[in-house]
Amino acid sequence: MITIGIPRALLYYHYYPMWRTFFTALGGQVVISEPTSRAMVAQGAARLVSDTCLPTKVYCGHVLSLVGQCDYLFVPSVKSIEANVYNCSKFLGLPDVIRAVVPHCPPVIDVDIDINKGQRPLYQAIYQVGRKLTWNPVKVRRAALEALEAHSRYRTMMHEQSLTPIQAIARLYGEGEPGPSAPSVPSRGSTVAVIGHPYVLYDEYITHRILQRLLDLGVRVATPEMASNTELGLGVERLIGRPYWTFEDEVVGAGGHYLNSAVDGVVSVVAFGCGPDSVMLEVVQRYVKRHPTHPYMALTIDEHTGEAGLVTRLEAFLDMVKRRKRLASCV
Ligand code: SF4
């Protein structure tokens, strides 16, 4: 059986059920890298220039851990999934970067996903990927449709059941890290929205388990995946007018949505070295200054971020949230 390696980083959290369904429907077997570790981050960082964003370094570390574990490595180049809305350049050049910095990696299956080129090139790109496993175009088409269905079920599940991607993947396949235990269970305490890219928020090594820590402190957590597409769209409209950067829109949209909802506070988590986030979260911060309705905290994380400092800031933020709630109940 042909094995396809998928790094547990970057777009894994967005698309894993879709990719897994596609490859398994064609008779392949998917191999996922282990959760991020200190060694992976160090090895990935050693291969890239120092000002590369942390998630790309982490991705590179995951690729290195898959060397010798699979027949092919799946590294898509997701340029655009919506007309005139583009992705960060790191996603565009990912297959080339990986080939350049990990020359001994297994053969890379790269696919250009760019909806702006039209449907025909997109179908051809999907077929090219499928051909690694079968020559039968009908089988590839069927697998692609099944994969799309799996993706839509996954998104709906996270929104309707208030699940994080890790929890949804664990429910679907019984795999992945256990992840934050129960954000869907209402607690008597506060609700805090945590916004950021899923490959930052749900990588427990790089965030020092920030979501689980909030849950342990009795806080209910809301994340971007728990909002509906309509709510995210409205959030984007509120803050930047029109969609511009695909995955940034999810973060800004979640900010715009939660800053106008009944949550008690909002925390943004940004990876060091992220160009798009530095612009887009500035938009969120300016909005907070104009509409100071919610306590807001911005955390920037890099490979050297210490656990103790992060926990102290989190606890100080929660104190502020509680004080605000107390004051509001006295008025
Ligand atoms: S959006 Fe930011 S964190 Fe994500 S890949 Fe691009 S630069 Fe890196």
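This is a predicted model: local features need pLDDT of at least 70, side-chain atom pairs count only at pLDDT 80 or more; totals for chains, interfaces and linings use all residues.
Step back into the helix itself. H1 covers residues 12-25. At 1.5 Å a residue, its 14 residues should span 20 Å, and the end C-alpha atoms are 18 Å apart, which agrees. H1 also has a kink of about 30°, centred on Met 18. How many of its residues are buried? The count is 13 of the 14, so H1 is largely enclosed by the rest of the structure.

Now turn to the sheet. Strands of a sheet pair through backbone hydrogen bonds, either parallel or antiparallel. Here four strands form an open sheet with parallel pairing, in the order S2-S1-S3-S5. S2 (29-32) and S5 (108-109) stand at the edges. Each has a single partner strand, so one side of each is left without a neighbour in the sheet. Strand S1 (residues 3-6) pairs with strand S3 (residues 72-74) over two bridges. Gly 5 stands opposite Leu 73 in S3.

Where does it lie? Domain 1 (3-157) and domain 2 (175-330) both give residues to the shell around the ligand, so the ligand lies between them. Among the residues of that shell are Cys 53, Cys 88, Lys 90, His 197, Cys 274 and Asp 277. Helix H3 (54-66) and helix H13 (275-290) are the elements that give two or more residues to the shell. H13 gives the most, with three. By class, the shell has six nonpolar, three polar and two charged residues.

Methods. Residues are numbered from 1 along each chain as its sequence is written. A residue is near a molecule or strand if its C-beta atom, placed from the backbone, lies within 6 Å of it. Ala, Val, Leu, Ile, Met, Phe, Trp, Tyr, Cys and Pro count as nonpolar, Asp, Glu, Lys and Arg as charged, and the others, Gly among them, as polar. Domain bounds come from an automatic or database domain assignment. The expected span of a helix is 1.5 Å times one less than its number of residues. The bend at a residue is the angle between axes fitted to the seven residues ending there and the seven starting there. A residue is buried if 20 or more other C-beta atoms lie within 10 Å of its own, exposed if 12 or fewer, and partly exposed in between; C-beta atoms are placed from the backbone. Two strands pair if DSSP finds at least two bridges between them.
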